[in-house]
Amino acid sequence: MCKLFPFGLLLLCSFATFGQKASTITVYDAQTGEPLPFAKVSENKKSTVLTDVDGKLELVIDTHSSYYFCFYDFKDTVLTGQELLSANEVFLTPDSQLYDEVIILPGENPAHRIIRNAMNQRKENDPMRNNSFQYDGFSRFYVGGEATQAFNRDTISDTSLLKSIDLFSSQYLFLTETASQRTFSPPNYDNEVVTSYKVSGIKNPIFASLVNQFQSFSFYSASFNIGDIEYINPIAPGGIRRYLFILEDTLINASDTTFTISFRPRKGKIFEGLSGYLFINTNNWAIQRVIAEPLTPQETFTVKIIQEYKFTENKKWFPYQLSTEFSFPSLAINDYHELVGKSNLYIKNVLFDIPVKRDFNAVQLEVLPTAVDDTIGLQVARGTSSTDKELKTYHVVDSVSKKMNFERFVDLATILSTGKLPIGKLSIPMWRLADFNQHEGYRLGLGLETNDRLSKHFSLGGYFAYGFRDEAWKWGGNLDFLLAEKRRIRLSFNYSEDVFERGGVSYMSNNFDLASGALYRNFFINQMERQRKGTISVGGYIAQNFHLQFIANYRRITFLDEYSFEGLKTLSNLYSNMFDVAETGVVINWTIREKVMLLGTQRVSLGSKYPKIQFQAMKGWNSIFDGEFDYYRLNLSISQTFSVRGVGKLLLNSTSGITLGEVPLTLLQMPYGTNRNWNLTVPNTFETMVAAEFFTDKQTALFFRFSFLPLKNKTTFTAPQFSLHSAAGIGEMRNQYLHNHSFKVHEKGYYESGIIVDNLLIVGNSGLGIGVFHRYGTYALPEMKDNFVYKLSIKLNF
């Protein structure tokens, strides 16, 4: 009898599982066809589980059971086990009911206890704190058409519409896939290496980094970025004061509980806020899942982020899947589809407490030269072969790209970011085409130089220009050799016959930024010298955030006005208007803890919240190449931007300079003034000081500008943004009598303050505003009205 017991038990289990089968279920939005992340699925209203970021769920289906599918703002759906086995897909219909007002009754909001616990554990649960980690990632981003409503294809007779419907059902418009490995050690070591990537129609590695830029990796920091916009996190300190939290659901798991809490900014609170759902697990009160979107959508698109965390290696909760969804309602492709984009990052092979030798690494993302079109590496990272839809996308888009030469347009956009317009194997530096200053007036010219299409190892260039006010021609040329590509070490030879600013300083930075207000400072330059200059320099990145350059040059400088210097007085008591200078020096550009991306041969800065330091030290020699003066000239600039959460940004800039030696004004120091009524406001300058009003042999200045967040409104043509400006400077000069010229020395301190209102009128990506500035202190002008300067502001909103 006992011998029959195991057989009977096995037979009983067989009958119990006869109607069960494991299957992968996907839950979709019936209207859009998009997967629904974190939809709730329960068997006979008992055991409950949630779908993942892709709306998928591994489920053991019992044909005798009923399955209940629920999701917020959707109608509940009930299916039998047999129906699930035959379809494996569930479509939930959006609920048309809207709940505009929530009434909170007196007493403690039950959601607040949960949120406080999550806030208290925020630093411990944050994956970017406490533990180093390493993981393998696979990301996919596509752009395609998404159905906006249900339709019956058989009832459509329009052939062009049918072709459009078939197109979007069989392929995407754009697709990119990337495999990478990331290593991180708090607080500042972060390095991700792209080992494989494939982009439909394009090989440029700039697209291999797209997914990294869509959203912050962790939902624990005080601010959360979606694209380039910073939002205040609902679980940041003060979140309960800013956000309304509502406990929506409770899911009891085997060993813990998950609370679903909706959130949105409280009525009357004005800040960059999010709305969505937090899934808080009682295991260390960690975020298990999150769905969030900006409370106020962008003008042309909407965006939603989704994150899912898993308790990993029995150590801590760690991101498992990250998703970003874009939709462009204004871009209706046809009667039934709109343009959408979706990115997914899948994380696996997570390891904690990885030994890292350094505490900082400037290269945050690097694309290996062998990574492009590595289909085998992508398949391994993906875990499966490409779908028919993905394969067709690559085939069709690659064919169209080859025919239309899309790669050329991507290269063009990349090169244009450097300010150079490529034409075949030559490029035109755009800053050579036109300029304006008070000395030359309008300056028109042309420059040409070879580019990478001719050779990646050297570049040869030249330029000429003509000033319509000074009626003089200028010209120059250069020959550069690239000695080390990754460090961008270059050996350069330059010669020019041109003009330059008296008392000015250049830190030899090659950054071209149309959005920088510093470009406008040239408009105010009113005193210039002419020089013949020959330069030899060698420089590069000794670290990816530290650029070092050594310089040796010879200069023959000619005064262009009535200025004279006692040190150039001849035996016949005449003053020479020309002198020679032989110089050697070093220039340093260091952005502390700056993060960069190395995309093939491209270096892309990701910015830094730490100071940017620029330093130049030049030594003049009076015994080399007919040099007439022996001196040291040192200049230093330190700038930093501070973000004040929920308020705005503070920009601080400090400049200092000293010249040791008796030299003409040309080689002394000058505070930058940009005073001209109804002209343009220029950051990090004295807005009420006339250019070349003051000269010194040593000086220092501090510039303060605080920009508040834009005032929100429902219009698209205005978004007023107020900024407060203050500046102070002081300087000294030992032997002012040596200079036969009219100028002042601000040895008692120069002070000014003002207010700016940017974006009063917005046209496209440009904003027009106004500012008023006041000059006060010892160097205030006698007439009160003359101490006020009124200016226009132009802000490029890229």
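**Ground rules.** I am working with a predicted model, where local features need pLDDT of at least 70, side-chain atom pairs count only at pLDDT 80 or more, and totals for chains, interfaces and linings use all residues. Residues are numbered from 1 along each chain as its sequence is written, and side-chain values use heavy atoms, with hydrogens and water left out.

**Entry 1: strands.** I looked up β35 (residues 631–644) and found it paired in the antiparallel sense with β34 (residues 612–621) over nine bridges. Strands are DSSP runs of E with at least two residues, helices are runs of H or I with at least four, and both are numbered from the N terminus. Two strands pair if DSSP finds at least two bridges between them. Across from Ile-613 I found Ile-638 of β35. β35 also pairs with β36 (residues 648–660), again antiparallel, over 13 bridges; here Ser-637 stands opposite Thr-655. β35 and β36 make a hairpin with three residues between them, and Gly-646 in the turn has a positive phi of about 80 degrees.

**Entry 2: rings.** I noted 43 aromatic pairs in the structure. Rings of Phe, Tyr and Trp (its six-membered ring) pair if their centres lie within 6.5 Å; planes under 30 degrees apart are stacked, over 60 edge-to-face, and the rest tilted. I picked Tyr-243 and Phe-263, an edge-to-face pair at 6.0 Å centre to centre with 75 degrees between the planes. Tyr-243 lies in β13 and Phe-263 in β14, so this pair ties together parts that are 20 residues apart in sequence. Tyr-243 counts as buried at 0% relative accessibility, and Phe-263 does at 3%. (Buried means under 20% relative accessible area, exposed over 50%, partly exposed in between, with a 1.4 Å probe and protein chains only.)

**Entry 3: helix α8.** I checked α8 (residues 388–404): its 17 residues reach 24 Å from first C-alpha to last, close to the 24 Å expected at 1.5 Å a residue. The expected span is 1.5 Å times one less than the number of residues. Which residues of α8 are buried? I listed Glu-390, Thr-393, Tyr-394, Val-397 and Ser-401. They cover an arc of only 95 degrees around the axis, so they are on the same side of α8; the arc is taken from the directions from the helix axis to the C-beta atoms. On the other side, Asp-388, His-395, Lys-402 and Lys-403 are exposed. Just after α8, I saw that Asn-405 takes a positive phi of about 60 degrees.
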